[in-house]
Amino acid sequence: DSSGTIIAPANSTLKVLELSDTNCSAGGAAAILKCGNLSVLHLFNNNLQTEGFDAITLLLQGGHPSLETIDLGGNRASEAAVTKILKAVLAEGAFESKLRTIILGGNEFGANAELALKGLNEAKPEIDVAHDRPSQGSWEDPTR
């Protein structure tokens, strides 16, 4: 549904879904994240961009009840969208999150995303986030 509620799938045996390079849309990615038993989702290089990240941010609020790994790399999302994803995962959820790996390389990653990642690392060190380094010279500590 549109509220972001996780929907248990009719086929509860699906655990890993490889959708890299399939032109999966933002709506498709959001619908897939509602599958309650999925543990690994690869959405690499689907051109989800900022719109796609915004569509799935609500579904990653507080992590995810079954998803352990999500690959969102190569989708050309803005730094603001990447930051929203990191902050959503950091938020408190109504369930115990199983999320342990988030792949974000190939999306914009700068000072704001780095700051959100720092907060996530401090609060939930069990989550590994793979990302591109900020462009040389573009990283400035926003707290200075």
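**Close-up views of a predicted model**

Thr50, Phe53, Asp54, Ile56 and Thr57 of α2 touch Ala81, Val82, Lys84, Ile85 and Ala88 of α3. The model shown in these views is predicted.

**View 1. Helix α2 packs against helix α3.** The two axes are 9 Å apart and meet at an angle of about 15°. Angles under 35 degrees count as roughly parallel, and α2 and α3 are therefore roughly parallel to each other. Their crossing is left-handed. Sorted by class, the residues in this contact are 6 nonpolar, 2 polar and 2 charged. Ile56 and Phe53 are among the residues that α2 brings to the contact, and Val82 and Ile85 are among those from α3.

**View 2. The chain as a whole, for orientation.** The chain holds 4 helices and 5 strands. Read from the N terminus, the order of these elements is β-α-β-α-β-α-β-α-β. The chain has 144 residues, and 44% of them are buried.

**View 3. Helix α1 packs against helix α2.** Helix α1 covers residues 26-33 and helix α2 covers residues 49-57. Their axes are 8 Å apart, at an angle of about 25°. That angle makes α1 roughly parallel to α2. The crossing of α1 past α2 is right-handed. On the α1 side, the contact is formed by Ala26, Ala29, Ala30 and Leu33. On the α2 side, it is formed by Glu51, Gly52, Ala55 and Ile56. By class, this contact of α1 with α2 counts 6 nonpolar, 1 polar and 1 charged residues. Ile56 of α2 takes part here, and Ile56 also belongs to the contact with α3.

**View 4. Helix α3 packs against helix α4.** Helix α3 spans residues 79-90, and helix α4 spans residues 111-123. An angle of about 15° separates their directions, and their axes lie 8 Å apart. As a result of that angle, α3 is roughly parallel to α4. α3 passes α4 in a crossing that is left-handed. From α3, the residues in contact are Glu79, Val82, Thr83, Leu86, Lys87, Val89 and Leu90. From α4, they are Ala111, Asn112, Ala113, Ala116, Leu117, Gly119, Leu120 and Ala123. The contact of α3 with α4 comprises 10 nonpolar, 3 polar and 2 charged residues. Val82 of α3 is in contact with α4, and Val82 is also listed in the contact with α2.

**View 5. Asn46 sits in the loop between β2 and α2.** Strand β2 is made of residues 40-42. Asn46 has a relative accessible area of 4% and is buried. A polar atom of the Asn46 side chain lies 2.9 Å from the backbone nitrogen of Thr22. Apart from neighbours within four places in sequence, Asn46 contacts Leu19, Ser20, Asp21, Thr22, Asn23, Cys24, Gly74 and Asn75.

**View 6. Asn45 and Asn47 in the loop between β2 and α2.** Most residues other than glycine have a negative phi. Asn45 is not a glycine, yet has a positive phi of about 55°. Asn47, also not a glycine, has a positive phi of about 60°. Asn45 is partly exposed, at 30% relative accessibility. Asn47 is partly exposed as well, with a relative accessible area of 37%. Asn46, by contrast, is buried.

**View 7. Ser39 in the loop between α1 and β2.** With a relative accessible area of 14%, Ser39 is buried. When neighbours within four places in sequence are left aside, Ser39 is in contact with Lys15, Val16, Ser66, Leu67, Glu68 and Thr69.

**View 8. Gly105 in the loop between β4 and α4.** Strand β4 runs over residues 101-103. Gly105 is at 17% relative accessibility and counts as buried. Beyond neighbours within four places in sequence, Gly105 contacts Gly73, Gly74, Ala130, His131 and Asp132. Gly74 is in contact with Gly105, and Gly74 is also in contact with Asn46. Asp71 is 34 residues from Gly105 in sequence, and the C-alpha to C-alpha distance between them is 8.9 Å.

Terms used
Residues numbered from 1 in each chain as written. Predicted model: local features only at pLDDT ≥ 70, side-chain atom pairs only at ≥ 80, totals over all residues. Heavy atoms only, no water. Axes fitted to C-alpha atoms, helices over the stretch in contact; angles between N-to-C directions. Helix = DSSP H or I, 4+ residues; strand = E, 2+ residues; numbered from the N terminus. Parallel < 35°, antiparallel > 145°, perpendicular 65-115°, else oblique. Left-handed = near helix turned anticlockwise from the far one by under 90°. Contact = heavy atoms within 4.5 Å. Nonpolar A, V, L, I, M, F, W, Y, C, P; charged D, E, K, R; others polar. Buried < 20%, exposed > 50% of the residue type's maximum accessible area, 1.4 Å probe, protein only. Polar contact = N/O pair within 3.5 Å; in protein donor to acceptor, adjacent residues only side chain to side chain.
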